[in-house]
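Here is a note for a colleague who has not looked at this model before. The points below go from salt bridges to cores and then to the interface.

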Amino acid sequence: MTVDHPQRRSPLAHLTAELAATPVGVSLSEVPFLTQLNLRVDPLGRAARAVEEALGATLPTAANTAVAAGDLDVLWLGPDEWLLVAPEGRQESLEKSLRQAIGTEHGAVVDLSAHRTTVELSGALARDLLAKGCSLDLHPAVFTTGSCAQLPLAQAPVLLLARDSEMPRYWLLVRTSFAPYVAAWLLDACVEYAASGP
Amino acid sequence: MQLIPCPWCGPRDEVEFHYGGAAHVAYPEDPQSLTDEDWARYVFFRDNPKGPFAERWCHTASCRRWFNAIRDTATHQVLAVYRMDEAKPVTS
């Protein structure tokens, strides 16, 4: 008897073809397995400064903003809470360096990489598409590049990050169990654009 | 849908928020000495004004912070929001 080696499967792997076949003006794709660490630390404390030095990035203190440092994104989740998003496979090294930086100070680092998957949404109609499911002001003058927001999209909690607000490109960080629903909702919401396309 | 201005996140849908009852209800200074009736007053008895009312709200769907709001109970208009460490603003 042979035992198959278990293979990692992303939450939206079964929808790859559907996500790739969206109408002109909307592009959808999954960015699976990103490293996601939740960081809680006093923004004014010594630990925050040590963390910033270890990351080479400042922790954004303005509500609903994110800063990018190389391939690392630091998203504001609350006045003392951030989400660090990095490419796949960085969780152990990143968690170790953060724990070392915090040391004996008060703080917490939790690996949440399996908690959410990421949907990249881009294209000229991306903003219109999102506006169907939430009441957030997505105008590029308000929801600027580097803005992030936690909000219900079609009643499913998502973390929205504007990677580029002028040439709309968003990341939707969606809980694993909600991902198929959100993907199905996005696919359904862009059906009408196929009719008006060329 | 009504928008409630979170002190951190700005105006958001009311469904993102959770109601927390009347604000500024101080915990009894000497709980041991309270009679049953005093406890009942502390736990259950609240003002029920028609007009401005200071309430606690939590922005559960986003930053998950508790804050205070002064809401007109007759019109549902939110007159002011302030963080837990801020003094109650004067509204006319």
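1. A salt bridge here is a side-chain nitrogen of Lys or Arg within 4 Å of a carboxyl oxygen of Asp or Glu. A:Glu120 and A:Arg169 form such a bridge, with their closest N and O atoms 3.5 Å apart. The two residues belong to distant parts of the chain, A:Glu120 to strand 7 of chain A and A:Arg169 to strand 10 of chain A, 49 residues apart. Strands (E, at least two residues) and helices (H or I, at least four) are DSSP runs numbered from the N terminus. A:Glu120 counts as buried because its relative accessibility is 19%, and A:Arg169 counts as partly exposed at 30%. The cut-offs are under 20% relative accessible area for buried and over 50% for exposed, with partly exposed in between (1.4 Å probe, protein chains only).

2. On conventions: the model is predicted, so local features need pLDDT of at least 70 and side-chain atom pairs count only at pLDDT 80 or more, while totals for chains, interfaces and linings use all residues. Residues are numbered from 1 along each chain as its sequence is written, chains are lettered from A and ligands numbered from 1 in the order in which they are written, and side-chain values use heavy atoms, with hydrogens and water left out.

3. Over all chains the structure holds 15 salt bridges. One of them joins the side chains of A:Arg8 and A:Glu88, at 3.8 Å from N to O. A:Arg8 lies in the segment before helix 1 (16-20) of chain A and A:Glu88 in the loop between strand 5 (81-86) and helix 3 (91-102) of chain A, so this pair ties together parts that are 80 residues apart in sequence. A:Arg8 is exposed, at 52% relative accessibility, whereas A:Glu88 is partly exposed, at 49%.

4. What does the side chain of B:Arg71 meet in a salt bridge? The partner is B:Glu55, at 2.8 Å from N to O. B:Arg71 sits in strand 5 of chain B and B:Glu55 in strand 4 of chain B, 16 residues apart. B:Arg71 is buried, with a relative accessible area of 15%, and B:Glu55 is buried at 0% relative accessibility. The side chain of B:Arg71 also makes a polar contact with that of B:His76, at 2.8 Å. A polar contact is a pair of N or O atoms within 3.5 Å; within protein, one must be able to donate a hydrogen and the other to accept it, and residues adjacent in sequence count only if both atoms are side-chain atoms.

5. B:Phe53 is in strand 4 (residues 52-58) of chain B. Its relative accessibility is 12%, so B:Phe53 counts as buried. Leaving out residues up to four places away in sequence, B:Phe53 touches B:Tyr19, B:Ala22, B:Asp47, B:Ala69, B:Ile70, B:Arg71 and B:Thr73, where contact means heavy atoms within 4.5 Å. B:Leu34 is 19 residues from B:Phe53 in sequence, and their C-alpha atoms are 27 Å apart.

6. A nonpolar core is a set of buried Ala, Val, Leu, Ile, Met, Phe, Trp, Tyr and Cys residues joined through side-chain atoms within 4.5 Å. The largest has 34 residues, and A:Leu160 and A:Leu172 have the most contacts inside it. Helix 5 (179-189) of chain A is among the elements that each supply at least two residues of this core, and helix 5 of chain A gives the largest share, 7 residues. Beyond its neighbours within four places in sequence, A:Leu160 is in contact with residues including A:Leu130, A:Phe143, A:Leu151 and A:Leu172. Another core lies apart from this one and has 28 residues, including A:Ala48, A:Leu72, A:Leu98 and B:Ile4.

7. At the interface, 11 residues of chain B are in contact with 15 residues of chain A. The two chains bury about 1,000 Å² between them, 45% of it on carbon and sulfur atoms. In chain B, the residues that lose the most area to chain A are B:Trp8, B:Arg12 and B:Arg65, together 46% of what that side buries. Buried area is the accessible area (1.4 Å probe) that two parts lose on being put together, summed over both.

8. How many salt bridges does the rule find across the interface of chain B and chain A? There are 3. A:Glu81 pairs with B:Arg64 in a salt bridge, their closest N and O atoms being 2.9 Å apart. Both residues belong to a network of salt bridges that links A:Arg40, A:Asp80, A:Glu81, B:Arg64 and B:Arg65.
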